[in-house]
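Subject: Structure for your review

Dear colleague,

Please find below the structure that I am handing over to you. My notes on what was found in it follow directly after.

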Amino acid sequence: MFRYWKSIALSSPNNRFFVCVSKHLRFSTAATSTPFDISETEDFCPSCIIQIKDLLRKSHHDCGAGLYVLDLIDRGSLECDRSLYNMLLKKCTQLKKIKEGRIVHAHIFGSAFRDDLVMQNTILNMYAKCGSLDDARKLFDEMPVKDMVTWTALITGYSQNDQPEDAVSLFPQMLRCGLKPNQFTLSSVLKASGAVSSDKYGTQVHAFCLKYGYDRNVYVGSSLLDMYARFDQMDNAWLTFNWLESKNEVSWNALIAGYARKNEGDKALRMFMEMLRAGFEPTHFTYSSIFTALASTGSLEQGKWVHAHVIKSGGELIAFVGNTLLDMYAKSGDIEDAKKVFNRLLKRDVVSWNSMLTGYAQHGLGKEAVRWFEEMLKNGITPNEITFLCVLTACSHAGLLDEGQRYFKFMKRYNVEPQEAHYVTIVDLLGRAGLLDQAEKFLREMPIEPTAAVWGALLGACRMYKNMELGTYAAERIFELDPHDSGPHVLLANIYASSGRLNDAARVRKMMKESGVKKEPACSWVETKNAVHMFVANDDAHPQREEIHKMWGQISEKIKRIGYVPDTSHVLFYADQQEREAKLQLHSEKLALAFALISMPPGSTIQIKKNIRVCGDCHSAFKFASKVLERDIIVRDTNRFHHFHGGSCSCGDYW
């Protein structure tokens, strides 16, 4: 049966077919009908059923419009209408087919819809969603009439394609046109405001949110708190979160991610548990933020609990969640579980391989890192600058001099340009090996001007080998480049102290005081029964301080019997030998170890974290302690993990 309809567009229930009926086309919605296939000489088709997947079929010949559907319109077999154009633009947007989108745009330009505002907004949105911001801006500038949808589409496009300054600059222009922003406009502007250098734009947009009554809107509010979180203004983010009339997964995720970025793992975990109690289901972004936060604090037990929650909820280890999970295990001292996670990933990308390389480097497993790197290359994974930084760091920490120098040359093969961090690792590699002259020569011949970090690597090597002359020179260069960094001052004082030149060490400390340079207080912490206990040197604030001091006294006596001799060169002030030895026994990591022995079950592995590098005397004491206590002790400092077992350390004293 034939019907003479102007134009109609239908979909089958399963959305598989798009049916176009022109003046001479038979109407049919049968799911079993075959796709249209009109020969080039036909003026009309008795039955024309177009599958959705065929909407963007190319023209049969170069002389066509570019798309077969548009050829049908040009020949008069189909009569174009708004719904057909919208369907084509929607398909181009979904599939990011920018070339086909331009073809549709050109066809619309020659149709009756050329000046249609709604159609132009749809085209602009297509360009913006496909990342073609130049095309979007060109169309925007050419449009004689613009409404709120027009401005919002372009602002959103800039915001979502890493051009936040352009998005922010459009907002006041839109206001000057007398247009009132909606929730979508404000959300996009706030997202862009969180990516620019200053928070002044975000606070101004916040004022508009208050003015137009959107501050309690869950979508605008979520963007607002995310903006504050990105500027580390967590108090404002928290207030914004509490002010929301209702909350969704996005608002919870924004708050949790903010705490994660600030390395506040305890707060991120607390918000996660409150999110669960409120009845919200965590997303992949939630888990990724939590694992990142827990990795920064090395909270292994909490990390295992969250991992168990992922498994119970049926979540899969997709790339970025799996990568943050294995990173959490590696940075929490459990490299074996990190490897198990890697093996279970649904898809392994360069980030996955880099995360394992980082873990091996931090654990001092240089040879394993080298094997892993070679396996990565065999699997066809192209290394990037982070890959090379990881493997070079691993070689430096393990004393693999030849391998490190070879991999540094490898960077040219993969067109990876060395950055400051790569040069630092090579200076560190040569310096740790005792090749101070070569390290200095490499430093001076670098194609970039040596930075404070590069000189710092040389200074660290001079501390290791007690080279006062070169160490003093390196320290002076750092004082010029970064006079407020306390690290070089402390290293130089250590060089003097270890050589018995306590007056010079005192002079450096005095210089620090006069310059207002403050050393970061050393602290160590240990996790027991889901509680974190923190200690500083000479700590007398802990409620169990008497038990702690008594326990360490017992350990000290035992390890002295088997060879431990306190290294008083690590005490930087002038005092008699007895007083200096007493000060050594109250270092924060020793107090943390004594507390762990009191609080943890016999035989369990003890994990201690420290905010600065573990001192040489504590490193020696822990080796002896692992032997007399018959306990594994893991210490994570700012540089690496030290696994103490049976009287030795995983670093092989090469640290």
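In this predicted model, the side chain of Ser132 makes a polar contact of 2.6 Å with the side chain of Asp135. Ser132 sits in the loop that runs between α4 (117–129) and α5 (133–142). Its relative accessibility is 12%, so Ser132 counts as buried, the limit being under 20%. Apart from neighbours within four places in sequence, Ser132 is in contact with Ile98, Arg102 and Tyr127.

Ser588 is buried, with a relative accessible area of 1%. The side chains of Ser588 and Glu589 are joined by a polar contact of 3.3 Å. When residues up to four places away in sequence are not counted, Ser588 touches Ala522, Cys523, Ser524, Phe535, Val536, Ala537 and Lys610. Ser588 and Asp539 are 49 residues apart in sequence, while their C-alpha atoms are 7.4 Å apart in space.

His363 is likewise worth a look in the viewer. The residue is found in the loop between α18 (350–362) and α19 (366–378), and His363 is buried at a relative accessible area of 1%. Not counting residues up to four places away in sequence, His363 touches Ala330, Gly333, Asp334, Ile335, Phe641, His643 and Ser650.

Rolling a probe the size of a water molecule over the atoms shows where empty space is left. The second largest pocket holds about 560 Å³ of space. Its lining consists of 22 residues, of which Lys191, Ser223, Asp226, Arg230 and Val250 are the closest to the centre of the pocket. At least two lining residues come from each of α6 (148–160), α8 (183–193), α10 (218–230) and α12 (249–261). By residue class, the lining of this pocket divides into 7 nonpolar, 10 polar and 5 charged residues.

As for the backbone, most residues other than glycine have a negative phi. Lys96, which is not a glycine, has a positive phi of about 55°. Lys96 is placed in the loop between α2 (82–95) and α3 (98–109). Glu630, also a residue other than glycine, has a positive phi near 55°. The place of Glu630 is the loop between α31 (616–628) and β7 (633–636). With a relative accessible area of 70%, Glu630 is exposed.

Finally, the cysteines. How many disulfides does the structure hold? The count is 0. For Cys651, the closest cysteine sulfur is that of Cys649, at a distance of 3.4 Å. A disulfide requires the two sulfur atoms to be within 2.5 Å, so this pair is too far apart for a bond. Cys651 is buried, with a relative accessible area of 6%. Cys462 is also buried, and its relative accessible area is 0%.

With kind regards

Note on methods. Residues numbered from 1 in each chain as written. Predicted model: local features only at pLDDT ≥ 70, side-chain atom pairs only at ≥ 80, totals over all residues. Heavy atoms only, no water. Helix = DSSP H or I, 4+ residues; strand = E, 2+ residues; numbered from the N terminus. Buried < 20%, exposed > 50% of the residue type's maximum accessible area, 1.4 Å probe, protein only. Polar contact = N/O pair within 3.5 Å; in protein donor to acceptor, adjacent residues only side chain to side chain. Contact = heavy atoms within 4.5 Å. 1 Å grid on protein atoms, 1.4 Å probe; cavity = no way out; pocket = protein on both sides within 12 Å on 5 of 7 lines; lining within 4 Å. Points joined across faces, edges and corners; volume = space filled by probe spheres on them. Nonpolar A, V, L, I, M, F, W, Y, C, P; charged D, E, K, R; others polar.
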